[in-house]
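Please keep the sequence and the 3D view at hand while reading.

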Amino acid sequence: TFSRQLTGIGSNIADPRSESFRVGENIVVAEIDDTGPGVPEDQLGKIFEPFFTTKPTGQGSGLGLSVVKTIIDLHRATIDLRNLPDGGARVTIMFQV
């Protein structure tokens, strides 16, 4: 976790909440990396949707990441998940200071 000054707005802040982040303001950024296989590209856009799961029927509700996104939204923050070039994935959460 670190604090930095926002110097620009990129594709990771491309929704209506982007208005809560202004260039020049300080933000708190939390980045979490994993070393797993990453997320299949065709699933990246769906992972925060309610009831989306890759588990077999009866073994997952698909609500976990949807609940996480709701909590992040309630804090006027953003969350982004991207695959890393060398494998694994990175979750980036940004909060206003």
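D80 is buried, with a relative accessible area of 16%; buried means under 20%, exposed over 50% and partly exposed in between, using a 1.4 Å probe and protein chains only. D80 belongs to strand β3, residues 78-83, strands being DSSP runs of E of at least two residues and helices runs of H or I of at least four, numbered from the N terminus. The structure is a predicted model, in which local features need pLDDT of at least 70 and side-chain atom pairs count only at pLDDT 80 or more, while totals for chains, interfaces and linings use all residues. Residues are numbered from 1 along each chain as its sequence is written, and side-chain values use heavy atoms, leaving out hydrogens and water.

**Salt bridges**

The side chain of D80 forms a salt bridge with that of R82, a salt bridge being a side-chain nitrogen of Lys or Arg within 4 Å of a carboxyl oxygen of Asp or Glu. R82 is partly exposed, at 37% relative accessibility. The whole structure holds three salt bridges.

| Salt bridge | N to O distance |
|---|---|
| D33 and R90 | 2.7 Å |
| D73 and K69 | 3.2 Å |
| D80 and R82 | 2.5 Å |

D33 in strand β2 (residues 26-34) and R90 in strand β4 are 57 residues apart, so this pair links distant parts of the chain. D33 is partly exposed at 42%, and R90 is partly exposed at 29%. D73 and K69 are four residues apart in helix α2, and therefore separated by about one helical turn.

**Nonpolar core**

The largest nonpolar core has eleven residues, among them V39, L44, I47, I79 and L81. Such a core is a set of buried Ala, Val, Leu, Ile, Met, Phe, Trp, Tyr and Cys residues joined through side-chain atoms within 4.5 Å. Strands β3 and β4 (89-96) are the elements that give two or more residues to this core. In soluble globular proteins, nonpolar side chains tend to be buried together.

F51 lies in the loop between α1 (41-44) and α2 (64-74), and is exposed at 61% relative accessible area. F51, L63, V67 and I71 make a nonpolar surface patch of about 370 Å². Phi of F51 is near 75 degrees, a positive value in a residue other than glycine. R76, in the loop between α2 and β3, has a positive phi of about 55 degrees although it is not a glycine. Most residues other than glycine have a negative phi.

Technical notes:
Patches are made of residues with over 30% relative accessible area and no salt bridge: like charges are joined within 9 Å, nonpolar side chains (Val, Leu, Ile, Met, Phe, Trp, Tyr) within 5 Å. Accessible areas come from the Shrake-Rupley method with a 1.4 Å probe; for residues, only the protein chains shown count as cover.
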